[in-house]
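Trainee: Could we go through this model together for a few minutes? I'd like to start with one residue and then widen the view.

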Amino acid sequence: MTLHKYFKLLKYCVVSALVLLTTNSVVGNFYFQGGGSFWPDFSVQQITSSGIPLDRPQQSSVVRNIDVWISAGYALNDNWNIEAFFARLPETNAFSPINVYYQGVRIDAATGTINLATETAMVGVGGGYEFPISERIWLTGKVGFAFAQNESDLDLFLPNFQVPIAPEDIDDFDVSDITQDIDVFHFDEESESTVDTFFAVGIRVPIDHTNTSVTATYQLVKTAKNTESGLFLGLRWDI
């Protein structure tokens, strides 16, 4: 079984556990938490990191800064808890115009585009500690490990252009080959699995006369390439 299949299996197990926990009313100390994570300065995987030489500056963007983060936990006592979570990190895009060459000579009228799209998802487990700092506010901290799955798609877009043909080369070409239509070349999807660490610190504010709390945390996720920081805002429901 490949790492990609292991990741899928683990992801489905975590999601299944979340469903079971939220539909079982007799488990007592379990809780469910869900919300959105915001990553204001998420790093974009660059095309040049894939070993592709570029002769023009590349551009990059974060397609989606906010995404889902859900978890299920078990409170060991009033302070300590263990938790499993599933999260998606921002989707990113890196792209660059590329020059088109024929027999080593650049064709000025022809410019293509290369595009690298990347998505990342995580499942993880960790432990947390929390204590009250006032009658209404609990301070909370978490640390754990996350299995991250990074998937990248590389696409090459080529434009319409006419190939310049030297008179002595005409016999080597068919007329139908002279004009090339717009085409898209999709390279095989690359998948990378890593084991990362994550940290979180924040507050939890119980809502009066309910078993629900508002949670807000500052999060750090250490990946194979960078350390990313983000914010989480959501609701915790104690079963």
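Trainee: Where is the place of Glu-228?

Mentor: Glu-228 lies in strand E12, residues 227-238, where helices (H or I, at least four residues) and strands (E, at least two) are DSSP runs numbered from the N terminus. This is a predicted model, in which local features need pLDDT of at least 70 and side-chain atom pairs count only at pLDDT 80 or more, while totals for chains, interfaces and linings use all residues. Residues are numbered from 1 along each chain as its sequence is written, and side-chain values use heavy atoms, with hydrogens and water left out.

Trainee: Is Glu-228 buried or exposed?

Mentor: Glu-228 is buried, with a relative accessible area of 5%; buried means under 20%, exposed over 50%, and partly exposed in between, using a 1.4 Å probe and protein chains only.

Trainee: And what does the side chain of Glu-228 make a polar contact with?

Mentor: Its partner is the side chain of Ser-43, at 3.1 Å. A polar contact is a pair of N or O atoms within 3.5 Å; within protein, one must be able to donate a hydrogen and the other to accept it, and residues adjacent in sequence count only if both atoms are side-chain atoms. Not counting residues up to four places away in sequence, Glu-228 also touches residues including Trp-39, Phe-42 and Val-221, where contact means heavy atoms within 4.5 Å.

Trainee: Switching topic, which residues form the largest nonpolar core?

Mentor: That core has 12 residues, among them Trp-39, Phe-42, Ala-87, Val-221 and Phe-232; a nonpolar core is a set of buried Ala, Val, Leu, Ile, Met, Phe, Trp, Tyr and Cys residues joined through side-chain atoms within 4.5 Å. Strand E4 (80-102) and strand E6 (138-158) are the elements that give two or more residues to this core, and the largest share, 3 residues, comes from E4.

Trainee: What about Ser-37, which strand is that in?

Mentor: Ser-37 is found in strand E1, residues 30-38, and is buried with a relative accessible area of 0%. The side chain of Ser-37 makes a polar contact with that of Trp-39 at 3.0 Å, and Ser-37 is 8.4 Å from Ala-87, C-alpha to C-alpha, although the two are 50 residues apart in sequence.

Trainee: Last one: what is the mean pLDDT of the chain?

Mentor: The mean is 76, and 66% of the residues reach 70 or more, with pLDDT being the predictor's confidence in each residue, from 0 to 100.
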